[in-house]
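Work through the exercises below with the structure in view, and try each task before reading its solution.

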Amino acid sequence: MAVVLGYFWVYRRYDSAYGAFSLVLLFWGMHNLNLFIVDVPISAKHWEAIAILTLGWTVCSVIWFNHHYLNKARPLVAKIMGLHPVASFLLFITPDYASLLFWGYKVWHVFLVLLGLYASCFLFSLYLREKSFDAFMMLLCGSAIVVLGGHDILMINNHWSRFDGLIIQYSALPAVILFGWFLLRRFLLSLETAENLARTLEERVRLKQSELEEQYERLYALEKARVLSQERERMMRDMHDGFGGSLVSLSNIFQRQGGEVFLKAQEKIQNCITDLHLVIDSLDPMLGDLTTLLATMRVRLVSQLENAGVTLEWNVSEIPQTQEFSPQRSLHIMRIIQEAITNSIKHSGSSVITLSTSLKPESCTTISVKDYRQKAHGEDDSSTCGEDTPSQGNGHGVDNMRWRAKQIGGDLDVNIDQSGAEVVLSLPLS
């Protein structure tokens, strides 16, 4: 057993408890040779000295094991026990056998009794302070060693009947069982710790794998957005430089020609240019919020409003972010507003159009286009900023705007009274 535990200690040098108990078993085995060997190979004095010394070394090794196993270092006690091997070798140079028996059993054994009492007091005080189960078990085993060893010391020194024989050997059994239990429990705790670490590692690997998958998805989305942004820029450039340039040139030619037909054609071309600008703007990734989108659209509608002699009242305030913007969503919003303003210019006769935004309690943002209708005497009230013609109460323009509002998850309301008409687009917040 000493060899096995010594082997453990060689491969686990940081765990000195194995080395300490290996020495306990080694010295105890050497001491018990006295009970088995009949023909002593050396002199009787030296053989008796070995029996006395190995008993003392065993006691010191037990105390060393207690300190290291319980992680309670005692430097002063360790130094005193370190002097023991040096002092004990003096027994080999005693002049005769009688001197050996005197110094060994009368003096040396008293020192061993003091060490045993120290070990018992150390374990007892530790148990009282910390309620350590290990200290309690060591105390029980150590008490058996002290009692049985005290019996043998009294017997050897003729204070007890010699017919009882030596009985300290029986204390080895509880000591070995106790350490076996310590070793088995440590193995089970180590196994449980290893399993817990393995489970923790698996969980961490799973979390890291999930994080990597999320990062990959984000990178993929960013790469997809980058490619899409590049494609948008290309389309915006091609439409602006190609179709836009051609329409602007054609508009300038018609404007120079003069005449009612050419002016109407020039107006239609100008509307086409505005539509083209709206489509290009809807592809712009910078238009990521509603406020910026409306501000960009205001710039695009300036020429149309000036040509019609209409003043735009701008009551747009900073509003919370709505659902994520996309080119299609942006275009739907701009088309609804454009349709409402265009119909108001055509049919209401109002010189002022108000564009305003507000936030409703039911967590939605509203965009309102309102005109202030100016009609001649006897004219009916059917024309609104949301209709296609003065004669239609609910033309295709309203249907188209409602269809676009539905596509982006919003609602469209058209309110008409004698003072004018108002188109209200409601958009849910994100």
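**Exercise 1.** Find which residues His-67 is in contact with, leaving aside its neighbours within four places in sequence, and decide whether His-67 is buried or exposed.

Solution. Contact means heavy atoms within 4.5 Å, and the residues that His-67 touches in this way, apart from those sequence neighbours, are Lys-72, Ala-73, Arg-74, Val-77, Tyr-118 and Phe-122. The model is a predicted one, in which local features need pLDDT of at least 70 and side-chain atom pairs count only at pLDDT 80 or more, while totals for chains, interfaces and linings use all residues. Residues are numbered from 1 along each chain as its sequence is written, and side-chain values use heavy atoms, with hydrogens and water left out. His-67 has 5% relative accessibility and therefore counts as buried (under 20% relative accessible area, with exposed over 50% and partly exposed in between, for a 1.4 Å probe and protein chains only).

**Exercise 2.** His-67 is found in helix α3; work out how α3 and α4 are oriented to each other.

Solution. Helices here are DSSP runs (H or I, at least four residues), numbered from the N terminus. Helix α3 covers residues 44–69 and helix α4 residues 75–88, and the two pack at an angle of about 160° with their axes 11 Å apart; axes are lines fitted to C-alpha atoms over the stretch in contact, and angles run from 0 to 180 degrees between N-to-C directions. The pair is therefore roughly antiparallel (over 145 degrees).

Notes
Parallel < 35°, antiparallel > 145°, perpendicular 65-115°, else oblique.
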